[in-house]
Protein chains: 2
Amino acid sequence: MKKHNFSAGPSILPAPVMEKAAAAVQELNGMGLSLIEISHRSKEFIAIMEKAQALALELTGLTDKGYKALFLQGGASTQFLMTAANLMKSKAGYINTGAWSDKAIKEAKRYGEVIEIASSKDKNFNYIPKGQDIPSDLDYLHITTNNTIFGTQFHELPQTDVPLIADMSSDIFSRQFDYSAFDLFYAGAQKNMGPAGTTLVIVKESLLAQMNTDVPSMLSYNIHADKGSMFNTPPVFPIYTSMLTLEWLKEQGGLQAIEKHNQAKAKLVYDEIDRNAAFEGFAAKEDRSYMNATFNLAEGVDGTAFDALWNAANISGLKGHRSVGGYRASIYNALSLESAQHLVNIMQEFEKTL
Amino acid sequence: MKKHNFSAGPSILPAPVMEKAAAAVQELNGMGLSLIEISHRSKEFIAIMEKAQALALELTGLTDKGYKALFLQGGASTQFLMTAANLMKSKAGYINTGAWSDKAIKEAKRYGEVIEIASSKDKNFNYIPKGQDIPSDLDYLHITTNNTIFGTQFHELPQTDVPLIADMSSDIFSRQFDYSAFDLFYAGAQKNMGPAGTTLVIVKESLLAQMNTDVPSMLSYNIHADKGSMFNTPPVFPIYTSMLTLEWLKEQGGLQAIEKHNQAKAKLVYDEIDRNAAFEGFAAKEDRSYMNATFNLAEGVDGTAFDALWNAANISGLKGHRSVGGYRASIYNALSLESAQHLVNIMQEFEKTL
């Protein structure tokens with residue numbers, strides 16, 4: 001029986017994507033070969049790569065707006081390094097909203113001065129710092145648009161004239177946005193886009209022209225852009241499956257439709273967290289993530305029975321990250337409204353046992 | 001109808017591996033979830049990672065010999081950079097056997113002095129340079145054990161006291177070897193191990209202890225080793241499928257059995273290249289690769305009819321690399337003796353048309 005999958009990542013993907021991906025591992029498009037045994041230089045794979053890139057630009061409204069989409073390897077962790085290696089001339093600004101920003105800052109420090117523009121560390125990163133002045137002499141400003149661990153999300157972008165760089169690993173393709181506000185944004189595939197193993201980078205061509213040139217080949221955005229993400233053998237299966245997920249998203253009605261779907265799920269879950277006497281939300285209400293709802297047991301409540309209930313109810317991946325504790329319901333694009341409602345039912349069932 | 005797949009990489013994998021991988025994309029081990037939607041911190045995936053690592057060490061005879069197996073991202077191209085970033089103190093030696101060595105040298109030059117110990121560039125890399133003196137003050141010596149493009153392979157290793165580092169992307173797990181001669185060897189998965197998207201690194205623990213410490217996290221062997229290849233989200237599907245391929249290889253009888261199988265296929269193909277008046281081999285006979293047989297048309301022979309023949313005979317991936325031209329039959333582990341014989345038959349059929 002299929003689980004209700006609330007995993008923070010790798011996480012739920014649409015069922016038809018899984019079916020098509022599995023079929024392609026057996027045989028791709030009736031060509032007598034599996035997807036995973038064809039050359040990445042074959043016309044079949046080149047078509048997959050080009051379609052994935054085109055869909056990524058189309059869904060973010062950036063087709064013909066001077067952006068390129070790259071499919072790379074190494075996850076956001078490699079992007080922490082690549083953004084700084086390519087863009088840092090002397091100093092860059094970072095808004096620190098927790099673990100992922102921390103890691104990005106650590107890697108950037110190798111390449112220049114990091115100015116922590118703001119941080120929400122004072123309250124264990126349960127909010128998004130707002131309203132800060134952004135110096136105009138920074139090489140760039142880096143933000144993490146959604147923090148999976150703490151369940152916070154930028155609902156408005158910081159205003160700045162310097163290039164805006166974003167780690168969107170956990171909320172890319174989840175909502176409408178003026179994506180042209182970003183000069184470069186990146187995302188590990190394994191939340192809303194596909195299986196672990198590829199990283200999408202969308203970068204403004206005018207920014208590519210200003211990047212540092214003395215960068216190792218595999219870390220150079222310009223080399224990957226020049227080679228159409230084929231400088232070396234790309235991760236074929238993760239890219240194919242990402243293409244399938246982006247196709248699915250387009251069929252659903254794109255970001256406008258998925259945003260509505262995601263808001264409906266988030267409303268269900270957060271309303272229950274606020275109503276239910278057994279739980280309390282972790283993140284500040286105005287900064288709550290539409291992707292990861294973090295919540296703890298109310299004071300004095302023993303969660304043993306709740307853990308038994310949701311495990312028995314075919315729910316998976318609800319345990320909170322160790323730095324927050326409690327629970328985390330990740331409600332990514334592919335999660336159904338029914339699964340969100342199912343969780344709410346179990347939360348209510350638990351409340352009745354108190 | 002299934003093709004006879006002679007692709008140089010990504011390349012043929014065993015049919016049962018493809019079946020099991022496809023099934024896991026639908027559902028892993030009856031757990032109600034797809035392989036690609038479970039957390040990499042789940043006990044199910046940790047077991048997969050540990051099994052893949054254990055099999056890699058077991059098959060190379062390095063279990064309990066002071067080595068660690070890592071599954072990383074970024075292909076051999078990232079290893080060109082990582083080996084130098086971690087190991088170069090002042091100078092390193094490289095034996096240049098063509099394109100892949102060239103790329104490794106280029107990246108290493110960012111980190112110190114590169115001494116090209118020997119090169120076969122004078123004959124378009126159609127042989128393996130031998131017998132050179134290796135200075136004893138090098139930080140390491142780097143070789144490419146098999147060159148996919150030119151179809152050459154080291155059949156004896158250079159004798160040296162300095163740490164021996166090898167790019168084994170295209171012949172790992174293909175033959176018996178004293179793998180303990182290497183201090184570090186690496187391979188992109190997409191030949192004998194699995195689909196594109198993960199890179200196996202096997203490294204001596206005593207070498208880890210001597211590595212440079214000021215290395216970006218994602219480029220640090222020590223960080224990946226300390227974290228059991230889970231510093232960040234690993235490429236789940238490529239690692240699972242690699243584990244399946246290594247299991248298959250063990251079931252076949254390991255490296256002893258596969259070497260025999262590979263030698264039989266190579267003998268079939270090379271004997272035909274040498275016998276057939278329509279073709280001539282590219283690589284020097286004593287340095288011929290057991291993985292990639294490169295051959296050209298004999299002088300004055302028009303290949304149009306041959307191309308039509310093999311295409312019609314359900315053969316795939318036989319076109320040579322542009323720097324050599326002609327043909328390349330990649331006869332990796334999973335290719336059957338029947339496929340090799342089928343190619344030989346077609347070569348003979350072509351000869352009769354001359």
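Colleague: Which are the buried residues of helix 10 of chain B?

Modeller: This is a predicted model, in which local features need pLDDT of at least 70, side-chain atom pairs count only at pLDDT 80 or more, and totals for chains, interfaces and linings use all residues. Residues are numbered from 1 along each chain as its sequence is written, while chains are lettered from A and ligands numbered from 1 in the order in which they are written. A residue is buried if 20 or more other C-beta atoms (placed from the backbone) lie within 10 Å of its own, exposed if 12 or fewer, and partly exposed in between. On that criterion, the buried residues of helix 10 of chain B are Ser339(B), Ala340(B), Leu343(B), Ile346(B), Met347(B) and Phe350(B).

Colleague: Within what arc do the buried residues of helix 10 of chain B fall?

Modeller: Helices (H or I, at least four residues) and strands (E, at least two) are DSSP runs, numbered from the N terminus. Helix 10 of chain B comprises residues 337-352, and its 16 residues reach 23 Å from the first C-alpha to the last, close to the expected 22 Å, where the expectation is 1.5 Å times one less than the number of residues. The buried residues line one face of this helix, because, seen down its axis, the directions to their C-beta atoms fall within an arc of 120°.

Colleague: Which exposed residues does the opposite face of helix 10 of chain B carry, turned away from its buried side?

Modeller: The buried side of helix 10 packs against elements of chain B that include helix 8 (254-275), helix 9 (304-312) and strand 14 (327-330); two residues are in contact if their C-beta atoms, placed from the backbone, lie within 7 Å. The face turned away from that side carries the exposed residues Glu338(B) and Lys352(B).

Colleague: What percentage of the contacts in chain A with a separation of 6 or more joins residues 24 or more positions apart?

Modeller: The C-alpha atoms of chain A fill a box of roughly 60 × 55 × 30 Å along the principal axes. Buried residues make up 56% of the chain. Among its contacts with a separation of 6 or more, the share of residues 24 or more positions apart is 67%.

Colleague: Which element gives the largest share of the side of chain B that touches chain A?

Modeller: The interface brings 50 residues of chain B into contact with 49 residues of chain A. Two or more residues on the chain B side come from each of helix 1 (15-26), helix 3 (75-87) and helix 7 (236-252). The largest share, 5 residues, is that of helix 1 of chain B.

Colleague: Which residue of chain B comes closest to the rotation axis?

Modeller: A rotation of 180° with 0.0 Å of shift along its axis superposes chain B on chain A with an RMSD of 0.0 Å, by least squares on the C-alpha atoms of residues with pLDDT of at least 70 in both. The two copies are thus related as by a two-fold rotation axis. Of the residues of chain B, the one that comes closest to this axis, at 2.2 Å (C-alpha), is Ala22(B).

Colleague: Which residue of chain A does a cis peptide bond join to Gly9(A)?

Modeller: The bond has an omega of about -10°. The residue in question lies in the loop between strand 1 (4-5) and helix 1 (15-26) of chain A. It is Pro10(A).

Colleague: What is the phi of Asn314(A)?

Modeller: Asn314(A) lies in the loop between helix 9 (304-312) and strand 13 (315-316) of chain A. The residue is partly exposed, with 15 other C-beta atoms within 10 Å. Although Asn314(A) is not a glycine, its phi is positive, at about 70°.

Colleague: How far apart in space are Tyr94(A) and Ile165(A), C-alpha to C-alpha?

Modeller: Tyr94(A) is found in strand 3 (residues 91-96) of chain A and is buried, with 25 other C-beta atoms within 10 Å. Beyond four places in sequence, its contacts include Ile105(A), Val114(A) and His142(A). Tyr94(A) and Ile165(A) are 71 residues apart in sequence, and their C-alpha separation in space is 9.5 Å.
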